[in-house]
Amino acid sequence: MLLNKNIYSLYRYQCLLIFYGKRNKTYSVVSALSNNLNSTMKTLIDSKEYKKALNLLYEHYDISTDFTKNMAIKACTKLHDYNEGHRILQKLSPTSLNDPYIQTSLIHFYMQSHKVDKACHLFSTIVNKSNPMYAAMFKGFITNKMPEKVFDLYDKMEIEPISVTLNVLFNACARIRNDRAKTIGKRLLEKHFNYDQNDTGVFNSAIHMLMRFSDVNIAEDVFHSMKNKDIYTYGAMMKGYNDNEEYEKALNLYEKMNVKPNEIIYTLVFNSCAQLSNDRAQIIGKKLLEQMPHIYRNNNIILTSALHMLMKFGDVSHAECIFKLNRNKDIICYNAMMKGYNENQMFEKTLDLFESIRLDLNDITYTILLNACAQLLNDRAQTIGKKLLEQMPDIYRNNNIALTSALHMLMKFGDVSHAEHIFQLNREKSIVTYGTMMNGYCMNREPLKCLNIFNEIKQLNLVPDEIVFNIAIGACSQIGILSRCQTVVDQIPVHMQHQLFIQNALINMWGKSGSFVKAQQIFESVSNPNIITYNSMINVYGLNGMGSEAIELFRHVPANERDDISYICALNACSHSGLLAEARIIFNQVPTKTEKIITTMIDCLCRLFLFDEAEKLIYNYEKTNSPYVVMYMAMLSGARNHRNSQLCGKIYNRMKSLFPDEKQSLISGAVLLSNVYSSVGEYEQANDIRSYQRKELGVKVKAGMSWTEINGELAQFTAHDHSHPRSAEIFAEFDRLAVELIQHGHTFDGSWITRPINNDETIQSVLCGHSEKLAIGLNLIQRPVPSIIQVTKNLRICGDCHSVTKLIAKIRQVDIIIRDANRVHHFFQNGQCSCQDHF
């Protein structure tokens, strides 16, 4: 019995051996096939052949493992194919769904598909959360632009972060850079960062974060503490130095680097050299370029940086040579060249290169080209610029950078209505877009529209930056009305009011608006004035008839700090105050007499009718230079003031001969010449000049216009303007004034009438209809009459209006300020003007 039992047991044991032997053999075959499948899947994923990987999974799903399915989920993530991923997910067993690797991949998959709620739900169901899972969540929140959720989750983190999580957290802090990010980033560094660890990747992420925080010194401490620096460590440091504008330090580090540079290092060094552009940078940059291995010579990222560097050096020919040798040019490479041409003021070459491009343009290309067209302003530029704008794909029409360039170009073309149309169509306007429109209106002498945009910015609760305030200040300078200026100034934040370029703009604004006192107060409050500050104040004194004060301030500027503008402002001040002796002294002190400085001296001489001396300056200048049209315009203006029709005719004929293409100057000259003919009664000659101007030049003369502010609203007048609701009262007031003026000895001067008088007109009625007189009349019918009347005129005030305004100030005992195209006139109650009749 016992023997039989033992035999049976032995039999069962032998059967089990046979059974398990067969099963293991089958298992080994299946295992080998699975391993082969997994290996092939990984190869396909690494080769970015994601579709092939998915097809392989479905063909051999019966032998797939969790590893295979995990690879497939990663493929769906890379393909952004949510439906395919969901299909795989539905086939997963409960065991697979609990696999930590698959769970991590699913979090990535959901986050990449923007299914944040699903990722969060899955994460919340996981009992044993790992660092890779947290890292996947952190990355997902950043991808979905939910940076604060990164920190919310970190605050609830149940395990200590390790390298993989620290990497992501440091990078998240670097990207977000707000106060919370800085606090968390530095706390992570103090708590978890081990200077003895050998994880170079964590060190590199920490350095990148600290550099983004501008904590350069701490980043340097981390760098110096590292035992194992790799090429990416040097890259993180050099990029950080560049980001913090410490380019010399970037070059110092490059020269100490003991590893072979890669494409990142080449790019960073070229960028550092481009920013510096000094002798050292040029030597290092060009040497690095010469020694660069051929493997990088068709790398468009490196070449773009190299081209940018050479263009910043002004070495255009070298850049062109490298560009031509590149066999794999992409649109980025073309952009680098065109941008370089723009920076070197070679805008025609920009357009030439554009016309050779056979690639699709991107937003940067459009921006560069539109900027080039804006700078050129010729017929070719206008044709190309407008065609580009018409053909620009819709995808770029709400790109604020490209749009800003388009608006700027159209405004430079003077095509304000087209710019307005594009501006209104843009649905995502930024503060930059608004600033561009404001600047465009200022360029086109429409300051009221500029301030309307400024008010729109406030209504939309956008925050104006320094540039927007600077443009608004410029608009106030054009309007020249003190109350408007104060309204804008009251809105400038205190910290901005102490910025130098804002202070310089305010000095200019107050001066052009007739308040040299406020301009002086700003000037005296500037702690570190630069040459622009001094020039602005010298100009203010000159505009307001304070020539002696202008010269005194000019003499306080060290000779080595003066620039061309300093001399021009000082000479203008002399010109406006009749200070000939001082002007000659200053002119003789000029080390290099540029065409603009010589022109200013010519203007000064011609205002005092010293035409022979002015002609001598022009003659000497033209011995070595091409004729300059503005010099002749200065002489023509002086001859017109002298009512010397013979000299005016001689100068204008010379201008037609020398400058046949200078249409705008010839139009202005024709106006001056016709005016002088009219002033001496030679109406036939005046008509001939006007006829020539209309037929040959084909451009209308700019209409005279004046404006003043009444009860917070600007009122605008042209000559003989009856459009104002109170025009009947204004003309009645001037009829009464005319009687008083004649009683005080004034004779209306018909020589300032520039057209034939109609049968129903008199000299008095024509002159009393001038726009500045109408603006003054509107102020005089107010009750009470303003204590200061302020008028701004776009053209120069005529002699009769000047004489009349002096008498009005005396008769009505009111101060009047008129800012014309040349200067600011302060008419005092004693009947005198600040210009002392040098207008």
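How much space lies in the second largest pocket? In this predicted model, the volume of that pocket is about 490 Å³. Its lining comprises 21 residues, and those lying nearest the centre are Lys74, Thr104, Ser105, His108 and Ala136. Three helices, H3 (66-79), H6 (100-112) and H8 (131-143), each supply at least two residues of this lining. The greatest contribution is that of H6, which gives seven residues. By class, ten of the lining residues are polar, eight are nonpolar and three are charged.

With residues up to four places away in sequence left out of the count, the contacts of Ile602 are Ala614, Leu617, Ile618, Met631, Ala634 and Met635. In soluble globular proteins, nonpolar side chains tend to be buried together.

The cysteines were then considered. The structure holds zero disulfides. A disulfide would require the two sulfur atoms to be within 2.5 Å.

Several loop residues were also characterised. Ser515 is located in the loop between helix H31 (500-512) and helix H32 (516-525). Despite this loop position, Ser515 counts as buried, because its relative accessibility is 12% and the cut-off for burial is under 20%. Beyond residues up to four places away in sequence, Ser515 touches Leu482 and Trp510.

Backbone geometry was examined at three further loop sites. The peptide bond leading from Arg783 to Pro784 is cis, with omega near 0 degrees. Pro784 itself belongs to the loop that joins helix H45 (771-780) and strand S3 (788-793). A positive phi, of about 55 degrees, is found at Lys145, although this residue is not a glycine. Lys145 is placed in the loop between H8 and helix H9 (147-155), and H8 is also one of the helices that supply the lining of the second largest pocket. With a relative accessible area of 74%, Lys145 is exposed. Asn711, likewise a residue other than glycine, has a positive phi near 50 degrees. The position of Asn711 is in the loop between strand S1 (706-710) and strand S2 (713-717). Asn711 counts as exposed, at 74% relative accessibility.

Terms used:
Residues are numbered from 1 along each chain as its sequence is written. This is a predicted model: local features need pLDDT of at least 70, side-chain atom pairs count only at pLDDT 80 or more; totals for chains, interfaces and linings use all residues. Side-chain values use heavy atoms; hydrogens and water are left out. Contact means heavy atoms within 4.5 Å. On a 1 Å grid over the protein atoms alone, a cavity is a set of points where a 1.4 Å probe fits but cannot get out, and a pocket is an open set with protein on both sides within 12 Å along at least five of seven lines; lining residues have an atom within 4 Å of a point. Grid points are joined across faces, edges and corners, and a volume is the space filled by probe spheres set on the points. Helices (H or I, at least four residues) and strands (E, at least two) are DSSP runs, numbered from the N terminus. Ala, Val, Leu, Ile, Met, Phe, Trp, Tyr, Cys and Pro count as nonpolar, Asp, Glu, Lys and Arg as charged, and the others, Gly among them, as polar. Buried means under 20% relative accessible area, exposed over 50%, partly exposed in between (1.4 Å probe, protein chains only).
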